[in-house]
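Subject: Structure handover

Hello,

Here is the structure for you to look over. My notes on its side-chain packing and charge pairs follow below.

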Amino acid sequence: MSAQAANEPLAPQDNSIQDINKIISQNQQPLYNRLPTELPSDNTEPQMSKKESIAYLKENPEEFEALLSQLLKQGNADSLEELLPYYQQLPNYDPSVIDWGNAIIAAKKGELDKAVTIYRKLNAQLPDVQILRFQLAMALFYNRQFDAAKSEFERLRSDATTAEDTTAINGYLDAISRQNRWSFNGSVSYLNDNNITNAPEQGTEIVGPDGSVLTYTSPRESGQGLDFSLGADRKWLYDNKLFTALHLNTYGKYYWDNKNYNDMTAGIGAGVGYQNAATEVELQPFYNKRLYGQGKEGDGSLDSYADTKGVNLNLNQWLSPKMRYQGLARYSETNYIDRYAFNDGEDWLFANTMVFYPNGQQFFTTGLDYSTRDSEDDSLAYDRPGFRLGWGQTWPKGYSTILNMGYAKRDYKAADFFGIQRENKEYNMGITAWNRGVSLFGLTPRLSWNFNKVESNSPFEEYSKNDVSVELTKSF
């Protein structure tokens with residue numbers, strides 16, 4: 001291209017969402033015979049025939065690019081379909097213009113899967129082009145990929161500069177909220193865990209209550225396998241604000257070379273709530289069933305291990321277009337099988353998260369949590385305050401990363417078998433990276449590294465480990 005670098009967008013970037021809505025909603029007439037330098041007045045006929053106009057455009061690539069820029073902004077599929085083959089004949093044409101035009105054409109023809117695929121590729125290449133992100137959000141919306149569309153509209157809202165823009169985007173978010181639909185999400189990642197039970201190093205010593213020295217002699221358990229999760233949610237809306245909901249989920253770990261430590265939980269929840277574009281609150285009773293391989297006592301099969309029933313209170317509140325609060329209060333009661341009945345207890349969790357979106361390309365999170373457990377065995381009861389930080393960033397060429405770190409202090413309420421009232425300091429850090437333009441079987445691969453460490457006044461509680469995994473995720 002003679003007028004622009006190949007990696008720069010042709011379409012203007014300073015149009016408001018409101019303007020884009022107006023342009024898209026208009027019945028645009030084909031502009032192939034109206035050159036930028038010779039736009040006729042309302043009472044003047046075009047000065048060139050179609051054939052002459054195309055010849056002129058090919059001889060003046062700068063003006064050809066300017067015209068295509070306007071057509072891309074308008075979403076004018078008919079004119080783009082006619083002009084793009086001629087533009088592609090230019091020696092220095094921009095492939096991103098061809099892709100963008102093909103995405104618009106595919107969306108116009110109802111080929112929304114194809115359109116979304118192209119838009120995602122372009123969005124990864126040109127993450128700062130607001131009109132392109134808007135067209136991607138619209139394609140996702142009409143393809144009924146509502147969760148993905150919601151994410152894109154929320155990013156657009158974080159960059160909105162006028163009240164009109166925010167109002168327009170909120171209209172689409174309201175429309176998404178009004179959908180009575182199933183929503184699915186799933187992930188699977190490879191596990192190579194050298195310390196499945198988070199045990200101390202073999203040979204760690206501790207002084208018993210009678211003064212004798214006890215040595216941890218068991219080797220650490222290791223295993224390779226899969227970490228998996230699958231969730232399904234359905235909402236039924238009433239008066240566009242009140243709703244009831246059904247939540248289904250299952251998650252766990254499967255080790256093909258150490259099946260005694262396989263662990264799976266399946267759960268169901270039913271909720272009632274209220275929502276609009278800025279607020280969502282839900283009260284949700286739930287029940288979880290946990291199956292476990294029984295560790296050293298197991299025979300390789302999954303058996304009943306524990307039953308948990310409780311209630312969640314969730315709040316998701318947008319405080320401003322750039323700031324969101326997420327709150328969770330949970331009460332649960334867990335009953336284990338007879339062999340592990342000493343673990344029976346009640347749990348409370350209060351999680352508070354603030355999410356800040358400086359722009360559509362990054363976000364920051366901070367969280368304050370508090371959990372407490374009451375158990376029949378006081379040595380298993382504890383208080384645990386915690387703190388979290390997170391940073392998500394979109395980088396050039398379609399790459400994205402999320403960095404998380406946290407600290408918590410777990411103080412137990414009574415001495416354990418060794419006469420130690422445990423005080424644990426828990427550290428964790430992790431980073432996940434992926435490319436938005438890469439998919440495998442329709443799933444997005446993500447590379448993750450996680451580090452966990454526990455420092456304690458009890459040597460048997462201390463450990464540290466690194467985990468590296470490749471995760472495949474999907475939401476639809």
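Start with Tyr412. At 11% relative accessibility, Tyr412 counts as buried (buried is under 20% relative accessible area, exposed over 50%, partly exposed in between, with a 1.4 Å probe and protein chains only).

Some ground rules. This is a predicted model, in which local features need pLDDT of at least 70 and side-chain atom pairs count only at pLDDT 80 or more, while totals for chains, interfaces and linings use all residues. Residues are numbered from 1 along each chain as its sequence is written, and side-chain values use heavy atoms, with hydrogens and water left out.

Aromatic pairs

A search of the whole structure gives 24 aromatic pairs. Rings of Phe, Tyr and Trp (its six-membered ring) pair if their centres lie within 6.5 Å; planes under 30 degrees apart are stacked, over 60 edge-to-face, the rest tilted. Tyr382 and Tyr412 are edge-to-face, because their ring centres are 5.7 Å apart and their planes stand at 70°. This pair links distant parts of the chain: Tyr382 is in strand 12 (residues 382–394) and Tyr412 in strand 13 (residues 399–412), 30 residues apart. Helices (H or I, at least four residues) and strands (E, at least two) are DSSP runs, numbered from the N terminus. Tyr382 is buried too, at 13%.

Phe417 and Phe418 also form an edge-to-face pair, 5.3 Å centre to centre with 80° between the planes. Phe417 is exposed at 67%. Phe418 is buried at 19%.

Ring pairs also join Phe134, Phe141, Tyr142, Phe146, Phe153 and Tyr172 into a cluster.

Charges over rings

Arg157 lies over the face of Trp318, 4.3 Å from the ring centre. The charged end of Lys235 sits over the ring of Phe243, 4.6 Å from its centre. The rule here is NZ of Lys or CZ of Arg within 6 Å of the ring centre and within 35 degrees of the ring normal.

Nonpolar cores

A nonpolar core is a set of buried Ala, Val, Leu, Ile, Met, Phe, Trp, Tyr and Cys residues joined through side-chain atoms within 4.5 Å. The largest has 46 residues, and those with the most contacts inside it are Leu68, Leu80, Leu83, Trp100, Tyr119 and Phe153. Several helices each supply at least two of its residues, among them helix 2 (50–59), helix 7 (130–142) and helix 9 (163–177). Helix 7 gives the most, with nine residues.

What does Phe153 contact, leaving aside its neighbours within four places in sequence? The list is Phe134, Ala137, Met138, Phe141, Ile169, Tyr172, Leu173 and Ile176 (contact means heavy atoms within 4.5 Å).

A second, separate core has nine residues, including Tyr261, Tyr292, Tyr336 and Tyr340.

Salt bridges

The count is 20 salt bridges, each a side-chain nitrogen of Lys or Arg within 4 Å of a carboxyl oxygen of Asp or Glu.

- Arg290 bridges to Asp263, with the closest N and O atoms 2.7 Å apart. Arg290 lies in strand 7 (residues 279–292) and Asp263 in strand 6 (residues 263–275), so the bridge ties together parts 27 residues apart in sequence. Arg290 is partly exposed at 27%, whereas Asp263 is buried at 18%.
- Asp369 bridges to Arg388 at 2.6 Å between the closest N and O atoms. Asp369 is buried at 17%; Arg388 is partly exposed at 28%.
- Lys409 and Asp411 meet at 2.7 Å, N to O. Lys409 is partly exposed at 25%, and Asp411 is partly exposed at 26%.
- Asp374, Asp383 and Lys413 are linked in a salt-bridge network.

Best wishes
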